Amino acid sequence: MSIEIRDVTKHYGSFQALKNINLTISKGELVALLGPSGSGKTTLLRMIAGLESVEEGSISFDGKDLSTVHVNQRDVGFVFQHYALFKHMTVFDNVAFGLNIRKKSLRPSKQEIEKKVHELLELVKLSGFAHRYPSQLSGGQRQRVALARALAVEPKMLLLDEPFGALDAKVRKELRRWLRKLHNEMHITSVFVTHDQEEALDVADRIVIMNKGKIEQVGTPSEVYDKPVSPFVYDFLGNVNLFHGRLQQGKLNLGSAQLDAPDYIDKDETDAVGYVRPHHLTVERVRQSKDEIAAKITFMHSIGPTWHIEMRREDIDAYVEVELSKEEFMQLDLKVGEIVYVSPKEMKVFIPEDFII
Amino acid sequence: MEKSNNSGRVKGQKSAVKGVLISLMLLYLTLFLLVPLIFIFVKAFEQGTAVYFAAITDSDALSAIKLTLLVVIITVPLNTVFGIAAAWCITKFQFRGKQLLLSLIELPFAISPVIAGLIFILFFSPRGALGSLLMDWGIKIIFSVPGIIIVTMFVTLPFIARELIPIMQTQGKAEEEAAISLGASGWKMFMLVTLPTIKWGLLYGMILCSARAIGEFGAVSVVSGRIRGMTNTMPLHVEILYNEYQFSAAFAVASLMSLLALVTLSIKSFIEYKTEKQQVGE
């Protein structure tokens, strides 16, 4: 089922939670709504589900406007951050709930329900747990029960609100891979909310990046990562070093060094900021050109195969963070307190005035 | 060595404090609860079982018992419905004046029952705001059963709502939203998801509500008019008997009320035990 969101706006009292949201989600897509807390992503998801009313604009499924359709008629499967399992029911009864409450004429027979529930429990790898209560399960198991429960009613779309937010890192990674696999098999239109950029980049077909109730950028994981359209997106999707300077004839002048900014060849004499990811910086022990930035190493530590090096710029009071692979690091043989020369391999320049709201 | 001695001394002091506190508490409870309770039963049977049974099977006594039970049967279900509705709207919705509604629900706790009775007298008396109108239609509230029921409802109104609000607040909305998103109607959601999670708290509130409805004296005594065999509830009947120097009879009816209280108390303890078990289960 495709979802169309047109000019949706939402207020909570005087707080504007969503401003003019336009978004189309095609059939079978797995879309991530990514943003910091308070960006409106959960509100948007809850509006799609019908758990929040639409004030202005419209949301339609397959071209049918849903403003007046109640949640329980929308055919959506909703998965909550804190599972929201029915504590007083067994795993079996939880999964069977959506089928058991149907009107007699629409309800499958007892055997069919039983078969369906066992199939789903197998799918979520919890076959032996049918008679346990939610309190007897781990967080990851609970969330899988919640997924099975949502899938039992064969929803036309699956909506997940920070589904792995309450789980520890390892289980989280396992479950999101599993969700990806499940999606590949079932092709059910899915939207999930997350504040974890890694999770979004890892799982989603498309990512919708939200900030302060607005959509900043929509695109595939590589599009948003490699071609961020705003400083916010750049900043949100990973660590970043900022180089403040002035644009002069296609160069970003930092005072001590001039960095290439070919996108802005026609802009002159404006303040601008260069955004560089820590792994897009090269480090040299000996100065190669005058456009390298001298910096003193203040701290180094390794996380797995990458080395993180913090250094303080010599020209101004600012820190630079560099990521090197183990090999590069070994070759350079860096020491704390040494002065090295860094230069960006890739840089994205934004003119701050363009992004003032 | 010295160290262990020290800790031994501390432990000794601790257990001494514990012992003193426990015995003080037991003494206190015995003096103010147990002795009076035993005294009721001793007094009730002072003149033998014949007098006892005569007192509680007396037609006035029986009608007082019946009236008290009638009040409970009407008051508790109505306050249950009100309590659930109030707790629901306070915990599940955001609206203006929510704090005011919360304070209003607690108002009966703050107002003396006698004052509550007087308010209803003023309101429903033939010269009162609503009383004259009802009088024209031939409906009598004050000095009759409806008045007793109304004041009892007023006095016991907070019990169930107050019991449910904290439970429903910690429960949140997610489970109910899950039920709805799975296709449940509002009614099914309430019966299958909400009610099971609040049932022990609800029962607890109903027990407290019943206990108070049985025992309410002040407010009821103001509006009832104490017409024997008609508008006399059990506590009022006890008082009348006592004022007429029929001590054994008074204590016999009082012992019956005490028995009712003991029964409610044990049901209440059972429910507490159950809820605790449920919470441990979570």
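A: We begin with a helix pair: the axes of helix H3 (residues 59–92) of chain B and H4(B) come within 10 Å and cross at roughly 155°. Axes are lines fitted to C-alpha atoms, for helices over the stretch in contact, and angles run from 0 to 180 degrees between N-to-C directions. Helices (H or I, at least four residues) are DSSP runs, numbered from the N terminus. This is a predicted model, in which local features need pLDDT of at least 70 and side-chain atom pairs count only at pLDDT 80 or more, while totals for chains, interfaces and linings use all residues. Residues are numbered from 1 along each chain as its sequence is written, chains are lettered from A in the order in which they are written, and side-chain values use heavy atoms, with hydrogens and water left out.

Q: How is the angle between H3(B) and H4(B) put into words?

A: Angles under 35 degrees count as roughly parallel, over 145 as roughly antiparallel, 65 to 115 as roughly perpendicular and the rest as oblique. H3(B) and H4(B) are therefore roughly antiparallel.

Q: Which residues of H3(B) and H4(B) meet?

A: Contact means heavy atoms within 4.5 Å. Phe82(B), Ala86(B), Cys89(B) and Ile90(B) of H3(B) meet Lys98(B), Leu101(B), Leu102(B) and Ile105(B) of H4(B). For the classes, Ala, Val, Leu, Ile, Met, Phe, Trp, Tyr, Cys and Pro count as nonpolar, Asp, Glu, Lys and Arg as charged, and the others, Gly among them, as polar. The contact of H3(B) with H4(B) has 7 nonpolar residues, no polar and 1 charged.

Q: At what angle do H4(B) and H8(B) pack?

A: Helix H4 (residues 98–110) of chain B packs against helix H8 (residues 158–171) of chain B at about 130°, their axes 9 Å apart. That angle makes H4(B) oblique to H8(B). Their contact comprises 8 nonpolar residues, no polar and 2 charged.

Q: What is the arrangement of H2(A) and H4(A) in chain A?

A: Helix H2 (residues 91–100) and helix H4 (residues 139–152) of chain A pack at about 25°, with axes 7 Å apart. H2(A) is therefore roughly parallel to H4(A). Val91(A), Asn94(A), Val95(A) and Leu99(A) of H2(A) touch Val145(A), Ala148(A), Arg149(A) and Ala152(A) of H4(A).

Q: How much area do chain A and chain B bury between them?

A: The size of an interface is often given as the accessible area lost when the parts come together. Buried area is that loss (1.4 Å probe), summed over both parts. Chain A and chain B bury about 1700 Å², 65% of it on carbon and sulfur atoms.

Q: How many salt bridges cross the interface of chain A and chain B?

A: A salt bridge is a side-chain nitrogen of Lys or Arg within 4 Å of a carboxyl oxygen of Asp or Glu. The rule finds 2 across this interface. The side chains of Lys87(A) and Glu175(B) form a salt bridge at 2.6 Å, N to O.

Note on methods
Helix = DSSP H or I, 4+ residues; strand = E, 2+ residues; numbered from the N terminus. Buried area = accessible area lost by both parts, 1.4 Å probe.
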